[in-house]
Amino acid sequence: MLVQAILKSKATDGVVTVASTATISEASKILADKRIGTVVVSDDGGETAAGILSERDIVRELAASGSGCLNQPVKSYMTQNLVTATRQTTVEDIMSRMTEGRFRHMPVVEDGKLVGIVTLGDVVKAQLSELAMEKDALEGMIMGH
């Protein structure tokens with residue numbers, strides 16, 4: 001299965017982004033309001049990805065430096081070296097890269113443009129769907145259908 005299949009199955013209004021100049025407090029509010037774990041950092045309204053900021057990034061900084069970090073800009077704590085996928089990346093490749101890198105969100109970028117985001121939950125859902133289809137096909141073969 002390819003990333004493009006996951007993106008097609010997602011009911012979404014696009015990727016939630018935040019400017020690198022937004023404060024950690026503002027980014028936290030977006031995460032809470034949208035009930036998501038990560039925002040892509042983009043200074044051009046979501047056209048390109050400059051970085052990514054997760055709940056984990058925020059919690060680690062809160063633990064390290066206290067609540068003062070909430071007034072700091074996102075660019076101070078975002079991950080800048082993005083690990084990305086394309087629409088043609090396989091689910092197996094994404095699972096492997098997420099596991100090795102210990103992260104749960106991967107931006108999908110093509111020709112330098114942000115086209116989506118895939119989460120570990122999306123990958124698990126896709127894998128379960130694929131397994132269910134295989135199970136049904138095997139049961140059908142066994143039953144002679």
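Leaving aside its neighbours within four places in sequence, which residues is V18 in contact with? They are I30, V39, V40, V41, S42 and V74. Contact means heavy atoms within 4.5 Å.

Before the tour, some ground rules. This is a predicted model: local features need pLDDT of at least 70, side-chain atom pairs count only at pLDDT 80 or more, and totals for chains, interfaces and linings use all residues. Residues are numbered from 1 along each chain as its sequence is written, and side-chain values use heavy atoms, with hydrogens and water left out.

**Stop 1: V18 and strand 1**

Select V18. This residue is found in strand 1. Helices (H or I, at least four residues) and strands (E, at least two) are DSSP runs, numbered from the N terminus. V18 is buried, with a relative accessible area of 5%. Buried means under 20% relative accessible area, exposed over 50%, and partly exposed in between (1.4 Å probe, protein chains only).

S20 lies in the loop between strand 1 and helix 2. S20 is buried too, at 7% relative accessible area. Beyond neighbours within four places in sequence, S20 is in contact with V41, D43, P73, V74 and K75.

**Stop 2**

Two strands pair if DSSP finds at least two bridges between them.

Strands 1 and 2 pair in the parallel sense over 2 bridges. Strand 2 (residues 38-41) and strand 3 pair in the antiparallel sense over 4 bridges. Pick V40 and find its bridge partner in strand 3, I52.

Are the faces of strand 2 covered or uncovered? Both are covered: T38 and V40 on one side, and V39 and V41 on the other, are all buried.

**Stop 3**

Show helix 2 (residues 24-34).

Next, select R35, in the loop between helix 2 and strand 2. R35 is exposed, at 77% relative accessibility. R35 is not a glycine, yet has a positive phi of about 60°. Most residues other than glycine have a negative phi.

**Stop 4**

Jump to R102, in the loop between helix 4 (91-101) and strand 4. R102 is exposed at 68% relative accessibility. R102 also has a positive phi, of about 55°, although it is not a glycine.

Go on to strand 4. Strand 4 and strand 5 (residues 113-119) run antiparallel, joined by 6 bridges. P107 stands opposite I117 in strand 5. The two strands form a hairpin with 2 residues between them. In the turn, D111 has a positive phi of about 55°.
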